[in-house]
Amino acid sequence: MWHRDGTRTGSRSPAANRREFLKAAAGAVAVPYVITSAALGAGDRPAASERIVMGGIGIGNMGSGDMGAFLGRGDVQYVAVCDVRKGVREGARGRANQRYGNSDCKAYNDFQELLARDDIDAVHVATPDHWHALIVVAACRTGKDAYCQKPETRTLREGRLMVDAARRYGCVVSGGSQRVLEDYRGVVNQCWGGELGTIKSINVNVGPLPKPCNLAGEPVPDGFDWDRWLGPAPWAPYHPYRCSGSYAINGTSWRSFSDYSGGGMTDWGAHHFGGATFAVDVRELEPEEVVYHNDHGREHLTYRYPNGLLLYHNHPGAGNLQVEGTPGEKREAKPVPTYKGQGGIYGDFIECCKTREKPFRDIELAVHTATVSHLGLIAYELKRSLKWDQAAQEFPGDDEANRLVDRARREPWVL
Amino acid sequence: MQPHKMTRLAAAPAVLAGAAAMAADKPAVDQDAVDQAFETLKTYDWGTDRDKLNAIDDAVIATKGDAAARKQLETRLAAVLKSDASRSAKDYVCRKLRTIGTAESVPALAALLPDKELSHMSRYALERISAPEAAAAMRDALPKLSGALKVGTIGSLGVRRDADAVAALAGLLGDGDKAVASTAAAALGMIGSPEAGQLLSQSAKKAPEGLKPAVADACLACAEQLLADGKKAEAMGLYQAFGGEDQPRHIRLAVTRGLLKAAGKKD
């Protein structure tokens, strides 16, 4: 396990013992025949003892992509997969074992069994959104670093709990939107470069909102642990649309339904709101007010930040990430933050696992973005304006809105 | 690439003021549609068109600020919980009571706490209803619950940071059900009072091996809450009480980090 000071310790597990053995054996000439080049490292492949040992939890569409990115890295040793669908996890295990030409990767239905392994340094989490906070917090409690797919939270309260857990245990926890840095470079460079002068506002167009789901039940497919898929969400009968990982948000995927997702508002919102708040440099702030507009049935929002900046959601006639600057004014350019290490957002996370620095998409910044989405969802649900206290993480004096800050989890899940 | 200028948004303060005024204009309740939706609830089940309940959703919004109309709506919703309506219908009702429920609907919700199918949805409302009666109902239910239902209810009391639950939770720290004991510790950690800290401190010294990580995390959470509340001495005492050499390295580091923070130093 890697530690904050850059050192790492061994563990009692067989896999770690193997790594410790290899590390010790590398300096011994008496047993050279048992040390393979794969163990010692070659080319861009560091010695086994220097690799980040990883597991993946939730190996669906996004999880499979994340797994591929981490598997492709020479400085990662991928040893465990977890998914509630037997076929998916077995396929993922085979993929990892094929990559390394061994049978070391283990498959789990229960993420807690994977997290109980003390030879694993870090996990990536790509379950449906209603599971993210529980798993990331549990990972931190075992001292593991975590890369969490976006959107990182399903409720406002979950965000603070994830940040608290990461800070409590000194874990590197990265959010998962690669687009924040990579997709909006034109806007980012203009804003950070000072060309637009003082930024007054930015608009984000994203949707749709999530809906309730009351689909009829169908037989649960063999090998699918339906109860565990639901986890902390309210019980509901199995239906393929309820749990499909399709990216469509039209009632045929879990991304459509409010028990599991904030719809497009959080799913694409993680990218667009993340990119917008990065571009105009309010990543470390949360809005203090959300104003709800209903222009003859056309709903849209205006968020106001403590520094006066306005963030619009679906402002009529405005383009996505359209910025209002100050004509004629130029400001001093600021260096644009970027990833550490090599290999995009995945490389940034792995590099930070080694150095103990904060990643580009540190969980606290990712949570501020998710908060924008959730504040908007609550304003749309209540169809009225809200005030938000970032420090207290509550709607001041607004009992009705404060009820929507979190939702009770289905037993036995507690957060 | 679009030009990133937006002069049309320059009049934003005026937009904000106008919107605030507009938000005050609430839609009226369509009583016939609401009646029809309640009629639908009698036969509502999984697979029924969810849109048939939209009138009740709208009434929840429209009755904001109208205490009498809200009370009437809440009474009708709570009545569904006492009827032979389906699980899906009662699930829906609990979701609405989460937003508008008061002490009046607590008895109907509390009656569902021992119900394996509806206990969670009962808490879905009770956990978020600010009336003290909601917490009292969950505390009162604890002795009658076991297993997962008890775990869930303990967790909800923790989320509410219900100080009145401390005594009951203390008695559960030694429960034979490991999940109950560890959740009781977690709930005390969430409550984060000096009394909760003392109980956790004592529990940490005698916790069996399997419970140590949960108790340690609860101690850390409790100490952080004490620090946030300005109770530095109590926080430091708790850190020192459980952060011994028998703890795993990441726990010991967390304790060191906490102590540094309590001492006013960065980690």
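**View 1. Helix α6 of chain A and the glycine that follows, in a predicted model.** Just after helix α6 of chain A, A:Gly143 takes a positive phi of about 80°; helices here are DSSP runs of H or I with at least four residues, strands are runs of E with at least two, and both are numbered from the N terminus. This is a predicted model, in which local features need pLDDT of at least 70 and side-chain atom pairs count only at pLDDT 80 or more, whereas totals for chains, interfaces and linings use all residues. Residues are numbered from 1 along each chain as its sequence is written, chains are lettered from A and ligands numbered from 1 in the order in which they are written, and side-chain values use heavy atoms, with hydrogens and water left out. Helix α6 itself spans residues 129-141 and is mostly covered, since 12 of its 13 residues are buried, where buried means under 20% relative accessible area, exposed means over 50%, and partly exposed lies in between (1.4 Å probe, protein chains only). Among the buried residues of this helix are A:Trp131, A:Leu134, A:Ile135 and A:Cys140.

**View 2. B:His250 beside residues of chain A.** B:His250 lies in helix α15 of chain B, which covers residues 249-262. Leaving out residues up to four places away in sequence, B:His250 touches A:Cys140, A:Arg141, A:Thr142, A:Gly143 and A:Tyr169, a contact being heavy atoms within 4.5 Å. B:His250 counts as buried because its relative accessible area is 16%.

**View 3. The interface of chain A and chain B.** In this interface, 70 residues of chain A are in contact with 64 residues of chain B. The area buried between the two chains is about 5,400 Å², of which carbon and sulfur atoms give 54%; buried area is the accessible area (1.4 Å probe) that two parts lose on being put together, summed over both. On the side of chain A, the residues that lose the most area to chain B are A:Arg168, A:Asn214 and A:Arg403, together 15% of what that side buries. The side chain of A:Arg168 also meets that of B:Asp217 in a salt bridge (3.2 Å, N to O), and the rule, which asks for a side-chain nitrogen of Lys or Arg within 4 Å of a carboxyl oxygen of Asp or Glu, finds 7 salt bridges across the interface. Strand β8 of chain A (residues 289-295) gives the most to the side of chain A that touches chain B, with 5 residues.

**View 4. B:Leu142 in a loop of chain B.** B:Leu142 is found in the loop between α8 (132-141) and α9 (147-159) of chain B, and it counts as buried because its relative accessible area is 3%. Apart from neighbours within four places in sequence, B:Leu142 is in contact with B:Lys150, B:Thr153, B:Ile154, B:Leu157, B:Ala168 and B:Leu172. Of these, B:Thr153 is 11 residues away from B:Leu142 in sequence and 7.2 Å away in space, C-alpha to C-alpha.

**View 5. B:Asp162 and its partner B:Arg139.** B:Asp162 is found in the loop between α9 and α10 (166-172) of chain B, and its relative accessibility of 9% is why B:Asp162 counts as buried. The side chains of B:Asp162 and B:Arg139 make a polar contact (2.8 Å), that is, a pair of N or O atoms within 3.5 Å; within protein, one must be able to donate a hydrogen and the other to accept it, and residues adjacent in sequence count only if both atoms are side-chain atoms. Neighbours within four places in sequence aside, B:Asp162 is in contact with B:Ala135, B:Arg139, B:Leu157 and B:Ile191.
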